[in-house]
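Subject: Structure handover

Hello,

Here is the structure for you to look over. My notes on it follow.

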Amino acid sequence: EGDFNGRFNLFLSSAANRPLQEGIREEVKKILKQPGYDDGSAGPVLVRLAWHASGNFSLVEHNGGSNGAGMRFPPESVDPANAGLHHAISFLMPIQAANPWLSHADLWTLAGITAIEAMGGPKIPWEPGRTDYESEQAASEHRGNVGDRLPDGALGADHIREVFGRMGYSDQEIVALSGAHALGRCHTDRSGFDGQWVVNPIRFSNQYYKLLLRPIWKPREWDGPFQYEATVAGTKLMMLPTDMALVEDPKFKVWVEKYAADQDLFFKDFSMAFGKLIELGVDRDDTGFAKLVKKSAQEGKP
Ligand code: ZEM
């Protein structure tokens, strides 16, 4: 099985085998429709899977990121920050089972960008070649401590800059990536927060920025964690404290205004920033395969 790990890349780096990648994209599109689950689509949670699989990368420690698919094993699989992502992983299970040569790490990232595109978003660059940890033990030997790196929605601008700075993102890129909150919703049994950000949560658009700029947001009075609420076109919407930080902080707000006014600019910048996200820590060798670097080797890096 290990021999096949990452074979995707060998096949797909040649133009002749491009149809194989297209085939996986088609299979992902087929599982997007999920009647009875949330808003009827697996799309948003697949996007969150690609983001959380990638977003624990550290530039300084040079570990974390999508390569290896560490979220299949503890501690990442039981990290409260990843609560609910087992739904995304199980939506992808049939595709994984039918294509055992495909790495989980490639599938999770490819599914995320396929979902964004299928929900009306931009095309996002994606390269195959990620490999998987073969076992929990291999993951713990290679991964390093990547816990506590994902953002906490209850906090503010300093926290956001710390978390995304660790991955190497600028203010502009942070605001661009945050536009993904046009998709999906918060679940009280996952994050504790509740509700959706925009009226149509399965359509990728710049609505999130337009809504952020409207003076409609009021603290929600409820027993749950502090969040904002407003009713738009008869639909109850929400914002997290970290979302509101993007309009409270003047440097972030400049970009919120640009993306609210120009959806093409948002799509272009989002595509770049998300393309970068799913490449974080994916260090390919000459053959295009991503190596799973040992912790000891990582520790020597700056
Ligand atoms: Zn989210 N996000 N996120 N995010 N996110 C949630 C849901 C989704 C933050 C956050 O705390 C939360 C980015 C950045 C940040 C998506 C994509 C991306 C939820 C709700 C929370 C609490 C989870 C739940 O209860 O199910 C914070 C604090 C962020 C930065 C400051 C970035 C970047 C994303 C992608 C580019 C998506 C698609 C969802 C919806 C998931 C779903 O199941 O519907």
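Threonine 231 is found in strand E4. Strands here are DSSP runs of E with at least two residues, helices are runs of H or I with at least four, and both are numbered from the N terminus. Threonine 231 is exposed, because it has 10 other C-beta atoms within 10 Å. The cut-offs, with C-beta atoms placed from the backbone, are 20 or more other C-beta atoms within 10 Å for buried, 12 or fewer for exposed, and partly exposed in between. Threonine 231 and leucine 20 are 211 residues apart in sequence. In space their C-alpha atoms are 45 Å apart.

Two caveats on the source. This is a predicted model: local features need pLDDT of at least 70, side-chain atom pairs count only at pLDDT 80 or more, and totals for chains, interfaces and linings use all residues. Residues are numbered from 1 along each chain as its sequence is written.

Strands around E4

E4 covers residues 228-232 and runs antiparallel to strand E3 (residues 218-219), with two bridges joining them. Two strands pair if DSSP finds at least two bridges between them. Lysine 218 stands opposite glutamate 229 in E4. E4 also pairs with strand E5 (residues 235-239), antiparallel, over five bridges. There, glutamate 229 has methionine 238 of E5 as its bridge partner. The hairpin of E4 and E5 has two residues between the strands. In that hairpin, alanine 233 takes a positive phi near 50 degrees.

Whole chain

The protein chain has 13 helices and five strands. Its radius of gyration is 19 Å, close to the 19 Å that the globule rule gives for 302 residues, so the chain is as compact as a globular protein of that length. The radius is taken over C-alpha atoms, and the rule is 2.2 Å times the number of residues to the power 0.38. The C-alpha trace spans about 55 × 40 × 35 Å along its principal axes. Of the 302 residues, 43% are buried. Among contacts with a separation of 6 or more, 74% link residues 24 or more positions apart. A contact means C-beta atoms, placed from the backbone, within 7 Å.

Core

The largest nonpolar core has 75 residues. Such a core is a set of buried Ala, Val, Leu, Ile, Met, Phe, Trp, Tyr and Cys residues joined through C-beta atoms within 7 Å. Leu46, Leu49, Ala50, Ala88 and Ala111 have the most contacts inside it. Helix H5 (residues 104-118) gives the largest share of this core, eight residues. Beyond its neighbours within four places in sequence, alanine 50 is in contact with Trp108, Thr109, Ala111, Gly112 and Ile278.

Domains

The domain assignment gives domain 1 (2-151 + 274-299) and domain 2 (157-269). These bounds come from an automatic or database assignment. The C-alpha centres of the two domains lie 24 Å apart. Their contact takes 26 residues from domain 1 and 21 residues from domain 2. On the side of domain 1 that touches domain 2, helix H3 gives the largest share, six residues.

Ligand

Which residues come nearest to the ligand? Of the 24 around it, they are Pro44, Gly153, Ala180, Gly184 and Ser191. Near means a C-beta atom, placed from the backbone, within 6 Å. H3 (43-54), helix H8 (171-178) and strand E1 (185-186) each supply at least two residues of this shell. The largest share of the shell, five residues, comes from H3.

Best regards

Notes. Two residues are in contact if their C-beta atoms, placed from the backbone, lie within 7 Å.
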